[in-house]
Protein chains: 2
Amino acid sequence: MTEWPTFVEVVDVTPRDGLQDETGELTTEEKIQLIRDLRAAGVRRIEATSFVSPKWIPQLRDAEQVLAGLAECDNLIALVPNVRGFERALATVARELTFVVSASPRHQMDNLHMSLDASLANFQAIVQATEAGTVRLRGAISCAFGSPFHEEMIRPDEVAAIAKSLVHHGAAEVSLADTVGLGKPDFVRRVITAVQDAVPSTPLALHLHDRYGLALGNVVAALFCGVTTIESALGGLGGCPYAPDAPGNLNTEDLVRWFHLMGIETGIDLEMLGSVRKRLLGQLAQAETRQGELRT
Amino acid sequence: MTEWPTFVEVVDVTPRDGLQDETGELTTEEKIQLIRDLRAAGVRRIEATSFVSPKWIPQLRDAEQVLAGLAECDNLIALVPNVRGFERALATVARELTFVVSASPRHQMDNLHMSLDASLANFQAIVQATEAGTVRLRGAISCAFGSPFHEEMIRPDEVAAIAKSLVHHGAAEVSLADTVGLGKPDFVRRVITAVQDAVPSTPLALHLHDRYGLALGNVVAALFCGVTTIESALGGLGGCPYAPDAPGNLNTEDLVRWFHLMGIETGIDLEMLGSVRKRLLGQLAQAETRQGELRT
């Protein structure tokens with residue numbers, strides 16, 4: 001059992017995961033302001049957008065424009081699902097790119113429209129096309145703690161094998177995602193331990209969704225394993241449109257409050273975070289009304 | 001790290017801890033019914049009452065009468081703070097007696113009106129007066145994870161030393177209580193580990209109060225340490241009148257729901273438990289009104 005941390009890095013994914021499943025769409029300016037506000041509240045790494053096809057996730061169709069408005073930001077992450085997304089992302093200020101695959105074969109096909117092997121080949125091509133020192137590549141594994149499809153069983157050794165491939169190809173960090181909030185503390189520990197054994201010198205992150213408040217238990221399991229980077233979203237927004245019954249992300253405010261109560265620093269101002277959440281939820285409600293009016 | 005359990009024993013302490021700090025007082029018949037209902041819902045061990053002086057906790061003044069109405073129950077625990085309480089308890093159906101001391105010197109004096117050494121001498125006298133095979137003696141350590149008094153610091157080695165004394169004198173089980181809900185997962189793990197090192201063959205229980213939802217984190221820490229007996233109360237009632245700012249107990253329904261979600265069995269019917277809680281809260285509200293009328 002590793003030492004309990006004194007500092008944990010909270011990666012806020014609101015602008016990407018938090019917005020991708022909302023019926024209300026923020027304006028580009030609102031998205032830019034959201035990211036600036038998160039930075040001002042002390043969030044050191046922010047997943048700002050996804051370079052996914054607007055055909056699949058129209059909410060993030062303005063990825064380039066959002067990043068163009070944030071030239072001063074050096075802490076932005078963008079998600080890329082394939083080579084095409086990578087090429088779009090390279091032209092922006094995003095300095096970290098999350099390449100995503102899935103531990104669930106069916107979610108892999110539904111969400112990424114190609115097999116795991118094809119995804120890994122994409123990732124290899126991306127690594128080869130990356131000039132050294134320009135961007136940091138992260139490998140994310142969706143459904144690492146449970147599949148939304150009942151017939152599928154996720155196995156720690158298979159998640160570890162995927163992590164090993166990602167790191168072998170060039171991932172500098174691996175993010176393990178509980179895409180559908182099915183993680184249980186002991187299974188989280190087993191998966192993390194298997195991945196740590198497979199890629200011992202690669203830093204890990206945990207991307208959490210929260211079902212019935214169990215995510216805190218998974219956070220505790222991860223901290224006991226020495227994982228000190230956790231991804232969450234304001235207001236518990238978020239969810240993958242291609243993962244049935246996915247609950248929202250773990251709420252960033254809950255997470256930060258827990259850390260502070262546990263004597264773990266985050267560098268984040270909880271009160272400012274509350275104001276950001278409040279404004280965001282107001283804007284989303286307005287956006288929903290606006291779009292409702294457009295449709296009628 | 002021990003194996004994750006497949007079964008956890010939930011000890012419900014509602015009739016004792018849950019009622020001792022309420023302004024509304026249930027009737028003796030309501031208390032008896034509450035305990036029968038908890039049994040019917042599948043709770044295998046229930047802390048039924050406390051043989052404390054009615055001068056300090058009038059809500060439990062009918063301890064003898066409550067137990068007299070439960071002759072058929074073989075799973076009842078009663079709390080005893082001293083030799084006098086033990087003598088009262090011996091004459092009842094309670095087959096397990098929890099003798100309580102505190103890891104906080106000030107809480108020890110405020111709650112038990114004697115020093116730790118005097119308490120341990122009381123416990124020794126109790127053990128000597130106990131006929132073999134009649135009752136099982138449990139040792140409980142209040143404030144094991146934090147003191148309500150800012151000037152006091154709880155140390156794992158000191159809690160372990162108290163546990164060792166209790167077991168040395170004859171405790172068959174040690175219950176570690178987070179009386180004021182100050183436990184944090186890593187400290188819980190450190191205290192439990194220290195106690196396990198001191199009394200390796202004694203089963204441990206964890207008595208939890210919940211501040212801001214952190215208790216789940218403490219449960220997870222305890223499970224990772226191999227502790228599989230957790231104490232909680234319906235509706236999150238409870239709190240020690242002699243521990244300033246003590247939050248309610250961990251809610252038994254939350255706890256059972258979490259266990260079931262984590263694939264851990266409890267033998268408890270969650271739906272029945274919900275009905276018991278609903279009726280109890282209704283009765284407490286009525287009792288409060290009744291007593292308000294008596295006072296005016």
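**Close-up views of a predicted two-chain model**

**View 1. Chain A and its buried residues.** Of the 296 residues in chain A, 54% are buried (20 or more other C-beta atoms within 10 Å of the residue's own, with C-beta atoms placed from the backbone). This is a predicted model: local features need pLDDT of at least 70, side-chain atom pairs count only at pLDDT 80 or more, and totals for chains, interfaces and linings use all residues. Residues are numbered from 1 along each chain as its sequence is written, and chains are lettered from A and ligands numbered from 1 in the order in which they are written.

**View 2. The C-alpha atoms of chain A in their box.** Along the principal axes, the box is roughly 50 × 45 × 40 Å.

**View 3. Chains A and B about their axis.** In chain A, A:G217 comes closest to the rotation axis, at 2.6 Å (C-alpha).

**View 4. Helices α10 and α11 of chain A.** Helices are DSSP runs (H or I, at least four residues), numbered from the N terminus. The axes of α10 (residues 252-261) and α11 (residues 270-295) of chain A come within 10 Å and cross at roughly 170°. Axes are lines fitted to C-alpha atoms, over the stretch in contact for helices, and angles run from 0 to 180 degrees between N-to-C directions. α10(A) and α11(A) are therefore roughly antiparallel (angles over 145 degrees).

Notes. A residue is buried if 20 or more other C-beta atoms lie within 10 Å of its own, exposed if 12 or fewer, and partly exposed in between; C-beta atoms are placed from the backbone. Copies are superposed by least squares on the C-alpha atoms of residues with pLDDT of at least 70 in both. Helices (H or I, at least four residues) and strands (E, at least two) are DSSP runs, numbered from the N terminus. Angles under 35 degrees count as roughly parallel, over 145 as roughly antiparallel, 65 to 115 as roughly perpendicular and the rest as oblique.
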